[in-house]
Amino acid sequence: MKVLVVNDSRAMRRVITDVMKEIGFEVLEAGNGIEALQRLDAEGAPDLVMVDWNMPQMNGLELIKAIRANPVFSDLPLMMVTSETELERLTLAFKAGVNDYVKKPFDKAAMVDKLQLLGIAV
């Protein structure tokens with residue numbers, strides 16, 4: 001299983017990467033939405049993309065819209081990993097095509113639960 005972790009914070013990417021590796025994922029990383037799209041174009045679809053909301057150059061909502069605009073990635077599971085809790089913003093993410101979200105901070109058990117809800121075997 002492969003996951004693309006998209007977050008502008010190197011420290012947060014490390015935290016997410018460590019949890020996902022513990023669960024058994026191979027982890028790819030991108031520091032913003034533009035890098036994420038480049039990785040997807042170059043390497044194809046992973047099993048999951050984990051997207052931060054607040055990033056420079058291309059935020060998480062813009063990235064989700066860009067991914068969903070490409071028919072190749074129409075079924076790609078997308079998960080927001082964010083500190084955003086405002087219902088209006090989460091609703092925008094779901095309308096844009098995110099499958100689920102996990103609130104930071106999270107632990108391994110919470111991530112496993114979310115992955116299982118998405119139908120991703122762990």
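Q: What is the bridge partner of valine 3 in E2?
A: Welcome! In this predicted model, valine 3 has valine 27 of E2 as its bridge partner.

Q: What makes E1 and strand E2 a pair?
A: Two strands pair if at least two bridges are found between them. E1 and E2 (residues 26–30) have five bridges, and they run in the parallel sense. Five bridges meet that requirement, so the two strands count as paired.

Q: Why is strand E1 described as largely enclosed by the rest of the structure?
A: Strand E1 covers residues 2–6, and four of its five residues are buried, so the rest of the structure largely encloses it.

Q: How many helices and strands does the chain have, and what pattern do they follow along the sequence?
A: There are five helices and five strands. Reading along the sequence gives β-α-β-α-β-α-β-α-β-α.

Q: What share of the contacts with a separation of 6 or more comes from residues 24 or more positions apart?
A: Such residues account for 61% of those contacts.

Q: Why is methionine 79 called buried?
A: Buried means under 20% relative accessible area. Methionine 79 has 0% relative accessibility, so it counts as buried. This residue sits in strand E4 (residues 78–82). Leaving aside residues up to four places away in sequence, methionine 79 touches several others, among them Leu48, Val51, Tyr101, Met111 and Leu118.

Q: What makes aspartate 52 buried?
A: The cut-off is again under 20%. Aspartate 52 is at 5% relative accessibility, so it counts as buried. Aspartate 52 lies in the loop between strand E3 (48–51) and helix H3 (60–69).

Q: Which residues does aspartate 52 touch, not counting residues up to four places away in sequence?
A: They are Val6, Asn7, Asp8, Gly60, Val81, Thr82 and Lys104. Take valine 81 from that list: it is 29 residues from aspartate 52 in sequence, and the C-alpha to C-alpha distance is 5.1 Å.

Q: Why is glutamine 57 called exposed?
A: Exposed means over 50% relative accessible area. Glutamine 57 has 63%, so it is exposed. Like aspartate 52, glutamine 57 is found in the loop between E3 and H3.

Q: What makes the phi of glutamine 57 worth a look?
A: Most residues other than glycine have a negative phi. The phi of glutamine 57 is near 70°, a positive value in a residue other than glycine.

Q: What kind of peptide bond joins lysine 104 and proline 105, and how do you know?
A: Omega is about -5° there, and the bond is cis. Most peptide bonds are trans. Proline 105 belongs to the loop between strand E5 (100–103) and helix H5 (108–117).

Q: How far apart are the mean positions of the positive and negative charges of the chain?
A: They are 1 Å apart, for 14 positive and 18 negative charges.

How values were computed. Residues numbered from 1 in each chain as written. Predicted model: local features only at pLDDT ≥ 70, side-chain atom pairs only at ≥ 80, totals over all residues. Heavy atoms only, no water. Contact = heavy atoms within 4.5 Å. Lys, Arg positive; Asp, Glu negative; His and termini not counted. Charge placed at Lys NZ, Arg CZ, Asp CG, Glu CD. Buried < 20%, exposed > 50% of the residue type's maximum accessible area, 1.4 Å probe, protein only.
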